[in-house]
Amino acid sequence: MLLEIKNLHASIEGKEILRGINLSINEGEIHAIMGPNGSGKSTLSAVLTGNPAYEVTDGEVWFRGKNLLSMSPEERSREGLFLSFQYPVEIPGVSMVNFMRSAVNEHRKYRQESALSASDFLKLMREKRSIVELDSKLANRSVNEGFSGGEKKKNEIFQMAMLDPKLSILDETDSGLDIDALRIVAQGVNKLRTPQNSTIVITHYQRLLDYIVPDQVHILYKGRIVKTAGRELAINLEERGYDWIKQEVEE
Amino acid sequence: MMQAEEAYINLYKQHAKSVSKSCSDLLNSKRQAAFEKFQTLGFPKNTHEEYRHCDLRKVLSIDYGLNINRVRIPINPHDVFSCDVPNLSTKLFFVVNDQFYKNDKPIGLPEGVLCGSLNDLTETHVRLLEQYYNKLSEKSPDGMVSFNTTFAQDGFVLYVPAGVVLEKPIQLIQVLHGTVDMMANRRLLIIVEEGAKAQFLVCDHTLSSKHFFSNQVTEIFVGKNASLEYYDLEMDQPNITRVSNTLVSQAASSHLLINGVTLQNGLSRNNINLCFEGEGASANLSGIALGNGNQLIDNHIFVDHAVPGCTSQELYKYVLDDSAKGVFGGRILVQKGAQKTSAYQSNKNLCFTKDAKMFAKPQLEIYADDVKCSHGSATGQIDEKALFYMRSRGISESEARLLLKFAFTADVLDNIRLEPLKDRMRMLVEKRFRGELAKCAGCSAANCK
């Protein structure tokens, strides 16, 4: 098993958001997590990646057999966890090249591999950039600075390609994307798919799941997974909305 | 406090003859008036608004020696700084403490250019240099300046006559060296006449573990249509105090760039006092102050738009760690009638710890009505979102912090127009943030491999 979440509770500023999440993901699987606004979807991704703003109050998370919650954010990344941010952060003055070189080499160091030479690194950049059709000019700019919404999301998937994670969490990667950018981003994700790596797709809409086809769909509501089914659940939601789920839960 | 002044006043009274003995008439002719002024002004005190956050009492309580009898410091800076720099070839000069280090090698500068010892050149070119020496400093209300004029025995002159363009940058390396605590009264005189062009780099270093007080006065004259780039690098030790007064006069349509980087020091107080005397001139002033330990870095910049149509731009950034303290005082004065003035000032600061402190006082005084002016100052902590973003990519927290610090200073370094120097400075700033600077005794801005 790649990821196992048991009874996960988490809060921010004393307010409990996650109230007992249970979720298991095997290698090679794609899981979609859907749910109405405020149900805890982004909190789950933040807690899994170790965002210090959130406090875990109960439960455990095992990632590749290791205790994920005891690791720093950077260790989680080096272990193979990746988050595509809903709102990628702009970092003026840090070039994409330096940023990625630091990241890639830290990953390599963790695996006890030597740092990439400048030319090998640039070659890797070129190769991975083409997966999401990221403009070469952007690589010389500061991280996300002045990138359009679509470019920022492409840049997330580009970073994912560079770091080759075991488990990727795509947090609302479809938000703010037009249909062409959505297709490019989704195709990028699909190209990176292997029988070993897994993906969690967090989304509001069925749209993205037309491209990235999930094995399982989970509905998150009020901090708990209230329903799990196959792909048809997402289609069902698209037609009927969330009200029937809410009603089921209230009953 | 009065004690410190008294000791120096008595010293001068007793040794005035010795101070003057080996010096040019021009230097000597300015001493008495300056001495009287110093007796009135004294050393700057933290009760003065301008020195409110810069308390010199402690460092002035140290019993510094002054090398009044001009004992030669036994050091050959050429040996110490023997390595050369790839790509940045400069004409290299040295000042050891406050003595110009004489070098007999031909320097190959264009005809008419003077470059060398202040004491010697004010002797041999008195007619020329009396038009400039002390002309700006005699008006200064800062006691450190009159103190300097009282005791100045040597220093450095760069004179570029009208129309001459210096192809290579001039580099001055100032070294502090000695086996006892010492004070150095450094004096620089830079004159770039009409239509002339020069690039000047001055680097301060220390080769001693003793306490030093460097009291520097730099007078800069940029002539009509002339252009000067002035790069100032402080790479000293925690046992060093530097008070520097840079006084600038800019003629019509002249261009000046000043870029100052305090990489490492104990206490740094840098005053820049710039006056536009002719229309259409521009000045670009920028600096980085990197503080750690108990360091204090205080930059006070005064730009006087006395005439119409001039442009000034300021960008000063501080990165403070540990218990370091930063002070920025930026005053822009747009005088009555100085229409079509453009004056911009920006000060941004990062405090990395709870104990690091920043005091900023931007001031804009405008007495003209057709001007474009802006100023802004912001002090903050590290961007936690950016930090987490970087860590989530596998970059360690310390490395992420380092990248963010370095990024913060990038736009100031971008002001450096000498490309090889810019690369060198980037490397030095990064080394400084990594704590790898301490060992390098050489002038790494241009030297040292």
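Modeller: The model is predicted, and for the pairing we need one rule: two strands pair if DSSP finds at least two bridges between them.

Biologist: How many bridges join β6 to β8 in chain B?

Modeller: Strand β6 (residues 170–176) of chain B and β8(B) run parallel. Pairing asks for at least two bridges, and the number joining β6(B) to β8(B) is seven.

Biologist: Which residue in β10(B) stands opposite B:Val202?

Modeller: Strand β8 (residues 197–206) of chain B is joined to β10 (residues 227–235) of chain B by nine bridges, and the two run parallel. Opposite B:Val202, the residue in β10(B) is B:Asp232.

Biologist: How many residues of β8(B) are buried?

Modeller: A residue is called buried if 20 or more other C-beta atoms lie within 10 Å of its own. By that count β8(B) is mostly covered, and of its ten residues the number buried is nine.

Biologist: Which strands stand at the edges of the sheet in chain B?

Modeller: Ten strands of chain B form an open sheet with mixed pairing, in the order β3-β2-β6-β8-β10-β12-β14-β16-β18-β20. Two of these strands each have a single partner strand, so one side of each is left without a neighbour in the sheet. These edge strands of chain B are β3 (99–100) and β20 (371–380).

Note on methods. Residues are numbered from 1 along each chain as its sequence is written. Chains are lettered from A and ligands numbered from 1 in the order in which they are written. This is a predicted model: local features need pLDDT of at least 70, side-chain atom pairs count only at pLDDT 80 or more; totals for chains, interfaces and linings use all residues. Helices (H or I, at least four residues) and strands (E, at least two) are DSSP runs, numbered from the N terminus. A residue is buried if 20 or more other C-beta atoms lie within 10 Å of its own, exposed if 12 or fewer, and partly exposed in between; C-beta atoms are placed from the backbone.
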